[in-house]
Amino acid sequence: MTEERIHKSLWTTTAPGRRFPALAGDLTVDVAVVGAGIAGLTTAWLLQRAGKKVVVLEMNRLLTGQTGQTTAHLTELLDTPYYTLRSDFGEKGARLAAASSRASIEQIAALVEELGVDCGFQRVPMFRYAETDSQLRDIEKEVAAARELGLQASFSRDVPLPYPVKGALRLENQALFHPRSYLLAMAERLEKEGCLIYEDTRVVDVQDGAPCRVVTEHGTVLATDVVEATTTPLNRVFMHTKLYPYRTYSVAGPLNAPLEPGLYYDSQDPYHYIRTQRIDGADYLIVGGEDHKVGTEEDTERHFAALEAYTRRLFPVTRITHRWSGQVIEPADGLAYIGRNSASRHTYVATGFSGTGMTWGTLSAMILSDLILGRENPYAALHDATRVKVRAGARDFIQENAEVAFHFVADRLSRPAGHALSEVAPGEGKILEVEGRKVAVYREEGGACHAVSPVCTHLGCHVHWNRAERSWDCPCHGARYSPTGKVLNGPAVKDLASKKLPAEASNASPNTTHGDDR
């Protein structure tokens, strides 16, 4: 019998939410928050508690974006080692980075209690473990740095996993929870207390000013301040040179034998991140990893297959019931960008959360609400969104942006995957050369074809087909589109332009042209 697998996140299927309306017309508020993930909703919560009139605008459904695709680790351990942060940001900066992560975990704990929500919040240890001698040396180095910076870190050879390891960094008092249960309760309370929340409301432009103008497809919002709490800010060219988009994959299934609740990370490259969660009386194992740059691989199905094989090989899991993927935005220097946007007075951004989106999303709300309210925040300067750290991450900055330039040129010169619509199988997409021009063609399972421009509407790179998720992905700055060209992920705000197909595809479904090919 074929195993049933849900291509949705564990969070989405176990905590369904109700619908919120779309914006219908213009309005005026104190603060407009763009994006209804953990950063946006928590920012709205803190500002409304301070007496501000707030509106939250979400392009799709609440919590179906990256917050709905997370593995939801609440940890002080960052993707960038603390010994690297200490070298790049100094002793004080590294201590603040650790303290800010601790503060965000405690903020979540406090809000769980205030909301009175059963979201499975639990304090657990975290283990970053080594399986080779080389990995062990790095672990020992990180333990020393973490202890010196004030974390509750220790070295341990006793790691409660069903297979042997050489040793691990053990970090006390970390946490796990069900992010959708937590945030759906927050959204319900926000609306009840007067916050305006709108779904299916795509923001197409943010204009800084007095007041700011947030232009959507359904109306314009005037606001004293605007917070862009999206995965990546809207059309900010300089900011995107400091942000590197990656796809990450996750699988989950019920445990067949006990596993100590906790957060576990191996030291492979790319590494795997493992955790448990009890939902409705069942213990689940969640495993993530297989990260790669957005738009650089077509056969993304193999990453799910690799994660499933890894999970079955090492853990007491025989059924994989859920699988999903998400977008991770890596910052150039290892820390999130949070604060007033460049050349803006009243527009704020929160981005570059790396693999710690739940903690840094919460930290963003803490920092941005303080900035808007005119209060001092001890972490604001460290995470300043306009900063440029010349030494920190310089090699990655050069390499990543060189790859963007390469894709911009090379994808235009590359050979198409075919020339005839008959070469596109049902359920597949390909870049074809049709009547002398490149088009991105998708064929529905029923046979109907859709053709759109392959030119990303953000900055003009060419999109690539993502087989597992059936999407068109841009390798330059991470924009993603549906098979028919609708925006799924920013920074793009416009859909791919539709293209006419030759007569042989007369059964194609028409869609609206949103721009010109370049």
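Colleague: How many helices and strands does the protein chain have?

Modeller: The chain has nine helices and 24 strands. Keep in mind that the model is predicted.

Colleague: What share of the residues is buried?

Modeller: Buried residues are 58% of the 518 in the protein chain. Its accessible surface is about 20500 Å², and carbon and sulfur atoms hold 50% of that.

Colleague: And what about contacts between residues 24 or more positions apart?

Modeller: Among contacts with a separation of 6 or more, 69% are between residues 24 or more positions apart.

Colleague: Let's go to strand E9. Why is E9 described as largely enclosed?

Modeller: Strand E9 covers residues 212-216, and four of its five residues are buried, so the rest of the structure largely encloses it.

Colleague: Which strands does E9 pair with?

Modeller: One is strand E8, residues 203-207, which pairs with E9 in the antiparallel sense over four bridges. Another is strand E10, residues 219-228, which runs antiparallel to E9 and is joined to it by five bridges.

Colleague: What joins E8 to E9, and E9 to E10?

Modeller: A hairpin in each case. The one from E8 to E9 goes through four residues, and the one from E9 to E10 goes through two residues.

Colleague: Which residues are bridge partners of Arg-213?

Modeller: Arg-213 in E9 is the bridge partner of Gln-207. Arg-213 also has a bridge partner in E10, namely Leu-222.

Colleague: What holds paired strands together in general?

Modeller: Strands of a sheet pair through backbone hydrogen bonds, in either a parallel or an antiparallel way.

Colleague: How many bridges join E22 to E23?

Modeller: Two bridges join strand E22, residues 471-473, to strand E23, residues 480-481. Trp-472 has Tyr-481 in E23 as its bridge partner.

Colleague: On to rings. How many aromatic pairs are there?

Modeller: The count is ten aromatic pairs. One of them is Phe-127 with Tyr-264, with ring centres 5.5 Å apart and planes at 10 degrees, so that pair is stacked.

Colleague: Where in the chain do Phe-127 and Tyr-264 sit?

Modeller: Phe-127 is in strand E4 (residues 122-130) and Tyr-264 is in strand E12 (residues 263-265), 137 residues apart, so the pair links distant parts of the chain. Both residues, Phe-127 and Tyr-264, are buried.

Colleague: Why does the pair Tyr-271 and Tyr-273 count as edge-to-face?

Modeller: Their planes are at 65 degrees and their ring centres are 5.6 Å apart, so the pair is edge-to-face. Tyr-271 and Tyr-273 are both buried.

Colleague: Which residues do ring pairs link into a cluster?

Modeller: Tyr-129, Tyr-163, Tyr-310 and Phe-315.

Colleague: Which ring does the charged end of Lys-141 sit over?

Modeller: The ring of Tyr-83, at 4.3 Å from its centre. Lys-293 lies over the face of Tyr-246, 5.9 Å from the ring centre.

Colleague: Last one, Ser-364. Buried or exposed?

Modeller: Ser-364 has 0% relative accessibility, so it counts as buried. Ser-364 is in helix H8, residues 357-373.

Colleague: What does the side chain of Ser-364 reach?

Modeller: The backbone oxygen of Trp-360, at 2.8 Å. Leaving aside neighbours within four places in sequence, Ser-364 is in contact with Ala-39, Ile-338, Ala-350 and Phe-353.

Definitions and conventions: Residues are numbered from 1 along each chain as its sequence is written. This is a predicted model: local features need pLDDT of at least 70, side-chain atom pairs count only at pLDDT 80 or more; totals for chains, interfaces and linings use all residues. Side-chain values use heavy atoms; hydrogens and water are left out. Buried means under 20% relative accessible area, exposed over 50%, partly exposed in between (1.4 Å probe, protein chains only). Contact means heavy atoms within 4.5 Å. Accessible areas come from the Shrake-Rupley method with a 1.4 Å probe; for residues, only the protein chains shown count as cover. A polar contact is a pair of N or O atoms within 3.5 Å; within protein, one must be able to donate a hydrogen and the other to accept it, and residues adjacent in sequence count only if both atoms are side-chain atoms. Two strands pair if DSSP finds at least two bridges between them. Rings of Phe, Tyr and Trp (its six-membered ring) pair if their centres lie within 6.5 Å; planes under 30 degrees apart count as stacked, over 60 as edge-to-face and the rest as tilted. A charge sits over a ring if NZ of Lys or CZ of Arg is within 6 Å of the ring centre and within 35 degrees of the ring normal.
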